Amino acid sequence: MNIGFAKLQMLSDLGFSDAVYAFGASIFFVGYVVFEIPSNIVLHKIGARIWISRIMITWGIVSAAIAFVDPVAAWTGLGKEMTFYILRFLLGVSEAGFFAGIVLYISYWFPAERQAKVMAGFIVAIPISLIVGGPISGALMDHFHDVHGLAGWQWMLVLEGLPAVVLGMVVFMYLDSSVADAKWLSEAEKSMITANLRIDDRHKRHNFSAVVGDYRVWVMAGIMICYSTGIYGLSFWLPTIIKNAGIKSAFDIGLLSAIPWLTSAIAMIANAVHSRKMNERRWHAAVPSFIAGFSFILAALTANNLPVALFFLSVSAAGVMAHAPVFWTFPASVLSGTAAAAGIALITSIGSTSGFVGSYAASLAKDLTGDINNGTYVLAALMLLGGVLVLVIPKQTLSSRLEK
């Protein structure tokens, strides 16, 4: 979210074009993809407490450092564009393994069929951060401009990067890496959790070589590409789409951009709860993808009418995010142990290549057609494809194996 808002002021301050921004936004995913699998394997070996805290601390520091592209470029002699690219790449390296690591960490505590609501509790942080982050980013950019000689976008990047550092320290002090480490569980509770996980593990792949040969893992990677393109494309370009509709204030853009994410948070939790209640996961992941795809099309068709377009973008965001917590129970239905660490990272790293598509779709559409909104059709097509791929996964793969 913060790089999408920084774009509103940063490009003119640094003399960057849309193409420079798009490449900088997307090169993040090179570092992320390259280091995703090694990062998750390290987390599995040394524990979530140490590794998640490391990720968050370095993530926050590098994110804040992007505010100082100009002085860093002058100090290193690399040039502003190259400095921006390097910092975005390092941000990807720093963050690599975070999302996959949390998905893996949740699998240490909950059997696959019980993960949807838990995953929703984690992933709902994404739309909440976008709901809160939009207005806060806009307010910081409007009200902190030229304070102590820094532009509003610089203050925004620094003040939104440092909390990750603080929370990383909290993680190091308090997070339990496993059920065995949890002092707040009784021995009977630990035994019950371990027994359920052992039953759940019987039908799973446990070694990485088997993971590579399992077509279901590659289908999940394809689904991840489609889903991630939708969310990255929407988060990278939503502020720009709203600005192009005639809204000038960064704070007002932030408030309007929060609406789709508020809708998505509600839809995400409702879909996850209903999925658990009905003990069904395939259609609870596929249907939101189809809804998102058709809504993206309608949003592009009504782009000149902001209230109507914002409504369809809200439905699109709801579909994209409602799909996510249910989908992320799929890998744990197939993988366990080191295979889960590597397989989940493989799915997320391949899926994260969608960051290139998501960040470039709008820019390319603008260059080719003169209308930035035409990139929305790319997001629509991929969300529809993602729904089809969900239904390719056999129903029995996601069926319950636990005793009720």
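**Figure 1. Confidence and overall make-up of the predicted model.** The mean pLDDT over the chain is 83, and 90% of the residues score at least 70. The structure shown is a predicted model. The chain contains 18 helices and 0 strands. It has 404 residues, of which 56% count as buried. Of the contacts with a separation of 6 or more, 81% are between residues 24 or more positions apart.

**Figure 2. Packing of helices α14 and α15.** Two packed helices are described by the angle between their axes and the distance between the axes. For helix α14 (residues 282-301) and helix α15 (residues 306-327), the angle is about 160° and the axes are 7 Å apart. Because angles over 145 degrees count as roughly antiparallel, α14 is roughly antiparallel to α15. The crossing of α14 past α15 is left-handed. On the α14 side the contact is made by H284, A285, P288, S289, I291, A292, S295, F296, L298 and A299. On the α15 side the contact residues are A309, F312, L313, V315, S316, G319, V320, A322, H323, V326 and F327. By class, the residues of this contact of α14 with α15 comprise 15 nonpolar, 6 polar and no charged.

**Figure 3. Packing of helices α2 and α3.** Helix α2 (residues 18-46) and helix α3 cross at roughly 140°, and their axes come within 7 Å. The two helices, α2 and α3, are therefore oblique to each other. From α2, the residues S39, V42, L43 and I46 take part. Their counterparts in α3 are A48, I50, W51, I52, R54 and I55. The contact of α2 with α3 is made up of 8 nonpolar residues, 1 polar and 1 charged.

Figure 4. N40 lies in helix α2. N40 counts as buried because its relative accessibility is 0%. Leaving out residues up to four places away in sequence, N40 touches G97, A100, G101, L104, A340, A341, I344 and A345. L43 is also placed in α2, and at 1% relative accessibility L43 counts as buried. With residues up to four places away in sequence again left out, L43 touches A48, W51, I52, G101, L104 and Y108.

**Figure 5. Helix α6 and its burial.** How many of the residues of helix α6 (residues 98-107) are buried? The count is 10 of its 10 residues, and the helix is mostly covered. The buried residues of α6 are F98, F99, A100, G101, I102, V103, L104, Y105, I106 and S107. Among the residues that N40 touches are A100, G101 and L104, and those that L43 touches include G101 and L104.

Figure 6. I55 belongs to helix α3. At 0% relative accessibility, I55 counts as buried. Not counting residues up to four places away in sequence, I55 touches S39, S94, E95, A96, G97 and F98. I55 and F98 are 43 residues apart along the chain, and their C-alpha atoms are separated by 6.7 Å.

Figure 7. G92 is located in helix α5 (residues 80-95). Its relative accessibility is 0%, so G92 counts as buried. Beyond residues up to four places away in sequence, G92 touches F28, G31 and Y32. G92 and V33 are 59 residues apart in sequence, while the C-alpha to C-alpha distance is 7.9 Å.

Figure 8. Most residues other than glycine have a negative phi. D146, a residue other than glycine, has a positive phi, near 70°. D146 is found in the loop between α8 (125-143) and α9 (152-174). With a relative accessible area of 56%, D146 is exposed. H148 is placed in the loop between α8 and α9. Although H148 is not a glycine, its phi is positive, at about 55°. H148 is exposed, with a relative accessible area of 72%.

Definitions and conventions
Residues numbered from 1 in each chain as written. Predicted model: local features only at pLDDT ≥ 70, side-chain atom pairs only at ≥ 80, totals over all residues. Heavy atoms only, no water. Axes fitted to C-alpha atoms, helices over the stretch in contact; angles between N-to-C directions. Helix = DSSP H or I, 4+ residues; strand = E, 2+ residues; numbered from the N terminus. Parallel < 35°, antiparallel > 145°, perpendicular 65-115°, else oblique. Left-handed = near helix turned anticlockwise from the far one by under 90°. Contact = heavy atoms within 4.5 Å. Nonpolar A, V, L, I, M, F, W, Y, C, P; charged D, E, K, R; others polar. pLDDT = per-residue confidence, 0-100. Buried < 20%, exposed > 50% of the residue type's maximum accessible area, 1.4 Å probe, protein only.
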